[in-house]
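Reader: Hi! Could you walk me through this one?
Author: Happy to, here it is.

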Amino acid sequence: MAFVIFPEEIAFLNPMPLVPGATAGAILDAATDAVNSGKPIVMRELCRNLSLTPGAPYSHFESAAHLESVVAYNGLLELAGTMLDSVAHISDPRARLIASSQEYRLWALRHPAMFGFLFPTAGRQIDSPHAR
């Protein structure tokens with residue numbers, strides 16, 4: 001029996017922004033752009049680029065880790081949505097699994113920096129005697 005995710009099973013995922021406000025949105029967009037460019041999220045650099053004071057992001061996000069979590073959450077929502085869209089018209093469970101797996105791979109190839117951010121050890125050789 002194949003494991004298949006149906007849209008109603010992820011209804012708990014809320015696509016609405018986690019942090020309201022124009023400034024929070026600009027910070028989130030800048031952080032997402034940094035990740036998509038393969039750069040780390042550096043709060044001071046984001047503030048400088050957005051002409052904000054260094055403490056401004058902390059009015060909207062508890063910490064840099066919180067901002068990274070929101071970027072990751074949104075990235076995972078995008079990935080899940082893409083995978084769900086790829087199987088929306090398929091009823092056969094096996095075909096759904098294959099199609100969603102293929103879309104997962106294609107998404108990773110189209111978004112390598114975000115994929116690396118979400119799954120930092122994916123595709124890397126593990127240097128361990130136990131991994132042989």
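Author: Let's start with a polar contact, meaning a pair of N or O atoms within 3.5 Å where, within protein, one must be able to donate a hydrogen and the other to accept it, and residues adjacent in sequence count only if both atoms are side-chain atoms. A polar atom of the Ser86 side chain lies 2.6 Å from the backbone oxygen of Met83. Keep in mind that this is a predicted model, where local features need pLDDT of at least 70, side-chain atom pairs count only at pLDDT 80 or more, and totals for chains, interfaces and linings use all residues. Residues are numbered from 1 along each chain as its sequence is written, and side-chain values use heavy atoms, with hydrogens and water left out.

Reader: Where is the place of Ser86?
Author: Ser86 sits in helix H3, residues 64-87. Helices here are DSSP runs (H or I, at least four residues), strands are E runs of at least two, and both are numbered from the N terminus.

Reader: And is Ser86 buried or exposed?
Author: Buried, with a relative accessible area of 15%. The cut-offs are under 20% for buried, over 50% for exposed and partly exposed in between, using a 1.4 Å probe and protein chains only.

Reader: Leaving aside neighbours within four places in sequence, what is Ser86 in contact with?
Author: Ala99, Ser100 and Glu103. Contact means heavy atoms within 4.5 Å.

Reader: Which residues meet in a salt bridge?
Author: The side chains of Glu103 and Arg110 do, at 2.6 Å from N to O, and the structure holds one salt bridge. The term stands for a side-chain nitrogen of Lys or Arg within 4 Å of a carboxyl oxygen of Asp or Glu. Glu103 is buried at 13% relative accessible area, whereas Arg110 is partly exposed at 46%.

Reader: Back to H3, then. What covers its buried residues?
Author: The cover includes helix H1 (22-36), helix H2 (43-50), helix H4 (93-110) and helix H5 (112-118). Among the buried residues of H3 are Leu67, Val70, Leu77 and Leu84.

Reader: How many residues does H3 have, and what does it reach?
Author: H3 has 24 residues and reaches 35 Å from first C-alpha to last, close to the 34 Å expected at 1.5 Å a residue. That expected span is 1.5 Å times one less than the number of residues.
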